[in-house]
Amino acid sequence: MGLRGKVYNILKSYLSNRKAAVKIGEEYSEFNEINYGVPQGSILGPLLFLIYTNDISHSIERTMIYLFADDTILISISWEYEEMITNLQHDFNLLNYWFMENELYISNEKTIQVDIRAPKTKILQKKSIVKHHVKCKCLQKNIDHSRCHNKCENLATKENAKYLGIYIDEHWN
């Protein structure tokens, strides 16, 4: 980001020599040095996260991306379901690759797919977006998804999702 001098030294000091332990029940692990991330609950944490992820929107090509803190939404709008899914899969692959390159990871438990459509519109055959494994060749552009690595997973498809405290269903209600 071009930070130099005193500001750089303050941030470097702020992020250096940090240690943490894990507590399970009443037991604590040993303290280990933390080399990644920012202190949770800190005032600078959200700002540093935004700086770190500042270029994420440049990683996608065919969809719209919306971000709030660490929540990310990809949206594709099309009259053709197949085109929408193809665009989502393409950009989800690019986003997944961006996350891995930046040592961030997409949560399998929290990442879902909601197919939003007009109330009387039927989807003949729903397709799931695939979250490719780190070593899967499909993360490269334009690779046939039928050749996926065996650890690749379909995203859970739900009829509604909670985003920023609001439930949105498959009809955008």
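A nonpolar core is a set of buried Ala, Val, Leu, Ile, Met, Phe, Trp, Tyr and Cys residues joined through side-chain atoms within 4.5 Å. The close-ups below are drawn from a predicted model.

**Close-up A. The largest nonpolar core and the contacts of Ile65.** This core has 16 residues. Those with the most contacts inside it are Ile56, Ile65, Leu74, Phe92, Leu95, Phe99 and Ile129. Helix H3, spanning residues 81-101, gives the most to the core, with eight residues. Once residues up to four places away in sequence are set aside, Ile65 touches Ile56, Ser57, Ile60, Thr72, Ile73, Leu74 and Leu95. In soluble globular proteins, nonpolar side chains tend to be buried together.

**Close-up B. The aromatic pair of Trp98 and Phe99.** The structure holds one aromatic pair. The ring centres of Trp98 and Phe99 are 5.5 Å apart and the ring planes stand at 90 degrees, so the pair is edge-to-face. Both Trp98 and Phe99 are buried. Phe99 is also among the residues with the most contacts inside the largest nonpolar core.

Close-up C. Met1, Leu3, Val7, Tyr8, Leu44, Leu47 and Ile51 make a nonpolar surface patch of about 640 Å². At least two of the patch residues come from helix H1 (5-15), and at least two from helix H2 (45-52). Met1 sits in the segment before H1. With a relative accessible area of 72%, Met1 is exposed, because that value is over 50%.

Close-up D. Strand S6 covers residues 71-75 and includes Asp71. The relative accessibility of Asp71 is 34%, so this residue counts as partly exposed. Beyond its neighbours within four places in sequence, Asp71 is in contact with Tyr66, Tyr163 and Leu164. Thr111 is 40 residues from Asp71 along the chain, and the C-alpha atoms of the two are separated by 9.7 Å.

Close-up E. Most residues other than glycine have a negative phi. Glu103, which is not a glycine, has a positive phi near 55 degrees. Glu103 is placed in the loop between H3 and strand S7 (112-113). Its relative accessible area of 42% makes Glu103 partly exposed. Trp172 is not a glycine either, and its phi is positive at about 65 degrees. Trp172 lies in the segment after strand S12 (166-169). With a relative accessible area of 55%, Trp172 is exposed.

Key
Residues numbered from 1 in each chain as written. Predicted model: local features only at pLDDT ≥ 70, side-chain atom pairs only at ≥ 80, totals over all residues. Heavy atoms only, no water. Helix = DSSP H or I, 4+ residues; strand = E, 2+ residues; numbered from the N terminus. Buried < 20%, exposed > 50% of the residue type's maximum accessible area, 1.4 Å probe, protein only. Contact = heavy atoms within 4.5 Å. Phe/Tyr/Trp six-rings, centres within 6.5 Å; stacked < 30°, edge-to-face > 60°. Patch = residues over 30% accessible without salt bridge, like charges linked within 9 Å, V, L, I, M, F, W, Y side chains within 5 Å. Areas by Shrake-Rupley, 256 points an atom, 1.4 Å probe, with all protein chains shown as cover. Salt bridge = Lys/Arg side-chain N within 4 Å of Asp/Glu carboxyl O.
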